[in-house]
Amino acid sequence: MIRLEKRASPSRFWLYATPVVAVLLTMVVGGVLFALMGKNPVEVIRTIFWDPLFGEFAFYLRGQLLVKAGPLILIAIGLALGFRAGIWNIGAEGQYIMGAICGAAVGLAVFPTENRMIYPVMVIAGAFGGWAWAMIPALLKTRFNTNEILVSLMLVYVAETILAKAATGFLKNPEGMGFPGSRNFSSYPAAANPELIAGSGLHWGGVAALVTAGLAWVLLTRHIAGYQIRLAGQAPRAARFHGVSPGRLVVLCMGLSGALAGLAGLFEVTGPAGQISIDFNTGYGFTAIIVAFLGRLNPLGIVLAGFLMALTYVGGEMAATNLGLPDAAIQVFQGMLLFFLLAVDVLTNYRFRRSAGALGAK
Amino acid sequence: MDWGGIDPVILVATLMASAVPILLAALGETVVERAGVLNLGVEGLMVIGALGGFVTAVHTGSPVLGFVGGAVSGALLSLIFAALTQVFLANQVATGLALTLFGLGVSSLGGQGYNGIKPPATGPLLPEALGDLPVVGPILFGHDWVVYFSILATAVTWWVLKATRAGLIIRAVGESHEAAHALGYKVNRIRLLCIAFGGAMAGMGGAYISLARVPQWVDGITAGAGWIALAIVVFASWRPWRVLLGAYLFGGISVLQLNLQVAGSGIPVEYLSMAPYLITILVLVLMSSGRGRAAVGAPAALGQNFHASR
C-alpha cells in the first residue's frame, strides 16, 4: 500500500519543481488530446511552445508575448495577494471591464482635446473603476459577511451587461455609421497606448506589469502589510492575536486586485483592443487565476507564469491558423495545466510512503 | 387575467420549468456541502452536462437517455474534482475554479458541429386534456417529467438527509470529519460519492437547459446558472425545501424579466437582464447579515480537506 505522509515542513524543492512537472505533464496529456483530434501532437506542441520564440515569425510573435503577458501578470499579482490572505476575488474579469469603461469614458469625454495630462488621468480613472467594482464585494464581506466569491462573480455578469450598453449606447462612436463600438483610440493620440519600442510589444501596460511585480515582491517580503497578508492566510487565529484586522485586509486586498485589474483593462482597451466593443474582453480575468497559481502566488513566479500562459495564447493562435486547431482546445489545455499543478502540488506538503502491511511500523 | 401583458398563470407555470436547472444543481451541491466539500465547479459541471445530454439525445433520439447522458458526464467530470481534492488534497476553491474553466473549454471544444441542430423534444408527461384545464392545468399538470422529477428529488434529498442512516453519516462527515473518522467511517470515500452525486445532478440540470429550455447547443449555454445554484445553497441555509423555494424565486425573477422585455415595459433591456444577478447578491446579503446569519447553517467542516494521519 502506498500512503501519504505529511511533511514536517513544505519541501522547497517541490515548491519550485511542481510548475515544471505540471507543464511537462500537460504537454504529454495535451499531446494525446491533440492526437485524438487527428493532429500531429509533436507539431502542435512545437507550434505552441517553440515557434513563437524561435520560429520563422518569432520577430513578430515575441512582441505579441508581452502584449498578452502584460494584463495577465498585472491581474494575477493582485489576485495572488488576496489568495495569499484567503480572500477569493474571482471577479477580476468584471473589474477589468469596469476599469476599461471608466478610463475610456474619461478619454472619450474630452475628445478631441490634445493634452499630455489626458492619458495619466485616464489611467487613474481605469484603476478607480476596477477598485470601485471590487469594493462592492469587499464592503459586503466586511459589513454583512457575504461570500466574496459569489458576489464578485455575479458582478462579472453585471459588468458584461454594462459593457454591452456602453458599446451600443453611451460610449458608441457617433461617427460609427451605427455600428456598435466606441471611437478607436489609435486615431486619438492623447488617449492612445501605443507600442513604446517598435516591434517589442511593450506598451504602458507591460511596463506597469513589470513594475507592479517588483513592488508586490517588496510588499510581500519586506513590508508589514505583506507579512500580515501571509500570516492571515497561513494562521488566521494567530493573525487575529497579532492585531491584524480581517476587514481591513479584505478591503486592502480586494481594492488592490480590483485596481490592478482595472488598470489592465484600461491599458488593453486603449492599446491592443483599440476601442470599447461588446467583446473586447477575452477572459484575461479568469486566465489570470491560473497564472496566479502557476506562479505559486509569488510576484516573480507570476511574471514567469504570465509569459508561459501568453505563450499558450500566441502559440495557440498560430496552431489555430496554421494547423486548424480549435480555439477551445487551448482553453482545455490551460485548464489541464491548472489541474496538473494542483495535483502535483501534493508533493510540496506530503510525501508518498510505502506502508508495510496494515499494522506497519507504527 | 392579464397584468400589463403578463399572464400570472403562464408566469407560474414557466417559472417552475425555468427553475429546474438551478434546482437540480443546487440540490446536488447541498449534499456535497453537507458532506463538508465546497465544489465551486458547478458551472463547469452544468455546461458539460448540457453538452453530454445534448449529444446523447441527438444521437440516440431519446430525450430520456439524453438526461442520463447529462448526469453521467457531470458525474465523470466531478470525479476529477473528487480525485484532486480527496486523493491529492488540493485546495477546494482553486480546484473548483479550475473545474469550471476546464468544463467550459471542453464543452466548447466538444460542441463544435452541434450548433443549429434541434434535439428531440421533451413533451408534457400527462395527457393534454389535463394541461388544458384553466389555471391548475398549466401549473400542476402541464409540465414535462423533469419538472416533477426535480420536486421529487427535493423530497428525497430532504428525507435522506434528515431521516436516514446515510444522511446521518453524510452530515457527520460534514460537521466533524475527525469524529466521523474516529467512528470508522471512510471520510474521503463518502465525500467522493457525494461529489459524484452532485456532479450527476448538476449535469442533469445542465442537460435540461440544452434539451428543454433553449433547446439547442450554444457555447457557454449555462450563462452563470451554476453560480446562481451555489448562491441558492447559501440562501437556503443548506436545506432542500428552501433550495426549492430559492430556485423558484430566481426562476420567477428570470421569467419575469424576460416577460417584461417582451412586453416592452419601458425599463431598458440591460437593466432587466442584470436583475437576476443583482437580486442574487441582494438575497445573499440579506441572508448573511443580521439575525438570519447564513454561517449558522453552514456545515462546520465546509471546505476543509481531511487527511487521516492516524
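This is a predicted model: local features need pLDDT of at least 70, side-chain atom pairs count only at pLDDT 80 or more; totals for chains, interfaces and linings use all residues.
How many residues of chain A are in contact with residues of chain B? In this model the count is 36 residues of chain A against 39 of chain B, where contact means that the C-beta atoms of two residues, placed from the backbone, lie within 7 Å.

Residues are numbered from 1 along each chain as its sequence is written, and chains are lettered from A and ligands numbered from 1 in the order in which they are written.

On the side of chain A that touches chain B, strand E1 (2-6) and helices H6 (118-144), H7 (148-170), H12 (284-294) and H14 (327-344) each supply at least two residues; helices (H or I, at least four residues) and strands (E, at least two) are DSSP runs, numbered from the N terminus. That side divides into 27 nonpolar, 6 polar and 3 charged residues, with Ala, Val, Leu, Ile, Met, Phe, Trp, Tyr, Cys and Pro taken as nonpolar, Asp, Glu, Lys and Arg as charged, and the others, Gly among them, as polar.

Turning to chain A as a whole, there are 15 helices and 2 strands, and the C-alpha trace spans about 80 × 55 × 35 Å along its principal axes. Among contacts in chain A between residues at least 6 apart in sequence, 79% join residues at least 24 apart.

Finally, within chain B, B:Thr154, B:Thr157, B:Trp158 and B:Leu161 of H8(B) meet B:Pro240, B:Trp241, B:Val243 and B:Leu244 of H13(B), a contact whose residues comprise 6 nonpolar, 2 polar and no charged.
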